[in-house]
Amino acid sequence: MDYLPLFHNLNNRRVLVIGGGEIALRKVRLVQEAGAIITIVARDFCSDLLEMDAVDKQQGIGNLELIRAPYQQQHIHAQPDTVLVIAATNDAQINREVSQHAQAANMLANVVDDPGYSTVIFPSIVDRSPIQIAISSGGDAPVLVRLIRTQLESLFPAGMSKLAALAGRFREKVKAKFSNGADRKAFWEDVFNGPIAEQAYNNNIQTAERLLQDKLDTSTEFKTGEVYLIGGGPSDPDLLTFKALRLMQQADIVLYDRLVSKPVLNLVRRDATRIYVGKTAGDHSVTQDNINQKLVDYALKGYRVVRLKGGDPFIFGRGGEELEMLAEQGIPFQVVPGITAASGCASYAGIPLTHRDHAQSVRFIAGHHRSGKLDLNWPELIQPNQTLVFYMGLNGLEAICQQLQDHGLDATTPIALIEKGTSEHQRVFTGNLETLPDIVRAADAKAPTLIIVGTVVSLHNKLAWFNQDAVDNHE
Ligand code: SAH
């Protein structure tokens with residue numbers, strides 16, 4: 001181990017910073033957040049530091065002092081109760097001198113970006129106070145540290161601070177109730193992995209507190225599960241929300257659809273049981289009632305059930321129907337929105353759905369054929385200055401193009417079909433109402449596909465940015 005991580009209580013302790021630029025500012029902000037009394041020595045101060053000083057004086061806090069002067073060793077001797085000295089000038093030589101002087105005075109020394117001359121280094125911080133995570137590579141790989149930090153940020157919800165604070169308030173009570181350490185541990189694990197934690201993450205602190213009190217009061221434990229209805233996005237796992245990922249990582253059981261991509265499914269907790277409930281056209285082996293019942297049954301057994309759907313669960317996703325039954329049975333649930341296919345495909349095809357020069361509104365339409373007929377309000381769909389997005393329209397493509405023309409839309413109206421949008425297999429076909437059906441047939445496009453109609457499609461040539469090789473090959 002190259003360094004020993006320690007958490008430094010700087011509250012009301014003296015810190016000396018040498019340097020008055022942006023780099024010094026960053027460190028000053030950090031130590032100020034930790035409650036330090038700060039002296040800054042520099043020839044010049046950036047405007048933010050001057051402003052911080054003004055605020056400090058205005059509010060009579062008195063925790064910040066600026067000394068406009070070139071650095072001299074006496075600045076360190078002047079305040080012998082200083083615990084930490086930070087050298088942040090843009091002169092490496094001066095920084096090193098500062099460090100030597102500080103060490104000679106038995107103070108901790110940090111030289112910004114020069115770990116060799118530091119006795120302490122600043123970690124990268126994920127702050128969910130009172131929970132804090134400090135990450136360091138000892139100066140070897142700062143970019144990697146930043147990546148790790150980003151990943152950790154996504155794993156720990158912002159509401160974790162509140163949960164930790166709530167736990168702090170109950171700590172003594174829980175200790176008093178369970179004399180046995182193992183029981184206490186089990187109690188807290190249950191709290192941090194279940195509905196109480198979820199309530200805190202969702203900023204329902206009073207509910208969380210009540211549930212926690214109830215849990216503490218009832219000695220016999222009672223357990224109901226929860227259902228998370230999660231939008232898995234169109235395909236690219238990078239488009240998942242932090243919340244989706246967090247809940248997927250907690251699942252005991254996952255019921256997923258055909259449209260959920262493999263890379264997304266791979267992010268579900270490894271030990272979770274995966275149940276496929278997708279329907280292929282004409283296959284009714286898993287009916288909707290059947291799915292609803294499964295959700296209820298598993299939740300009543302106390303499992304955390306993830307219902308994972310492609311795109312957004314509330315857009316052509318039957319999410320509402322599944323929740324109604326849960327609501328009737330009093331089973332707690334949450335809904336996590338996902339990027340819907342229209343949004344994902346449009347972005348990844350470089351086709352803005354609205355644009356000041358083209359369309360001021362957009363319609364999402366279910367374009368599937370029922371018994372060979374497309375029953376839609378065509379006169380509304382041919383209105384100018386709007387973009388039409390057809391979901392489930394591959395089989396009906398020809399009929400859609402024909403009907404739009406029959407009702408008055410120009411045959412040259414641009415139209416695009418996006419196959420397997422946002423995935424590495426994405427292909428984008430563009431043409432007009434007359435030409436696109438043949439183009440798509442010749443390319444043998446396969447579901448899932450999304451259709452976009454309107455002059456915004458003309459922007460694709462300029463704005464396409466994703467999977468360009470595939471586009472070049474097939475258009
Ligand atoms: N809830 C989903 C839509 C379900 S309906 C959502 O919000 O996206 C299924 C239709 O979504 C498909 O027929 C197709 O039109 C569209 N779709 C879903 N994922 C897609 C993708 N990756 N590429 C193109 N279309 C997609």
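Reply: Happy to! Helices (DSSP runs of H or I, at least four residues) and strands (runs of E, at least two) are numbered from the N terminus. This is a predicted model, where local features need pLDDT of at least 70 and side-chain atom pairs pLDDT 80 or more, while totals for chains, interfaces and linings use all residues. Residues are numbered from 1 along each chain as its sequence is written, and side-chain values use heavy atoms, with hydrogens and water left out.

Let's start at the ligand.

Now for the polar contacts, meaning N or O pairs within 3.5 Å. At T340, a polar side-chain atom sits 2.6 Å from an oxygen atom of the ligand. At I315 the backbone takes part: one of its N or O atoms is 2.7 Å from a ligand nitrogen. G421 also uses its backbone, with a polar atom there 2.8 Å from a nitrogen atom of the ligand. On its own the ligand would expose 550 Å², and the protein buries 91% of that (Shrake-Rupley areas, 1.4 Å probe).

Five strands form an open sheet in the order β13-β14-β17-β15-β16, with mixed pairing (a pair needs at least two DSSP bridges). Because β13 (361-366) and β16 (427-432) stand at the edges with a single partner strand each, one side of each has no neighbour in the sheet. On average, neighbouring strands here are turned by 20° against each other, direction ignored (angles between axes fitted to C-alpha atoms, from 0 to 180 degrees between N-to-C directions). Within this sheet, β17 runs antiparallel to β15 (414-419), joined to it by five bridges; I418 has L450 as its bridge partner in β17.

There is another open sheet of five strands, ordered β10-β9-β11-β8-β12, and its pairing is parallel. Inside it, β9 (253-256) and β11 (304-309) share four bridges in the parallel sense, and L255 is partnered with R307 of β11.

Finally, the backbone. Most peptide bonds are trans, and most residues other than glycine have a negative phi. The bond from A447 to P448 is cis, with omega near 0°, and P448 lies in the loop between α17 (436-443) and β17. The S129 to P130 bond is cis as well, with omega near 5°; P130 belongs to the loop between β6 (124-128) and β7 (131-135). D113, in the loop between β5 (108-111) and β6, has a positive phi near 60°.

How values were computed: Polar contact = N/O pair within 3.5 Å; in protein donor to acceptor, adjacent residues only side chain to side chain.
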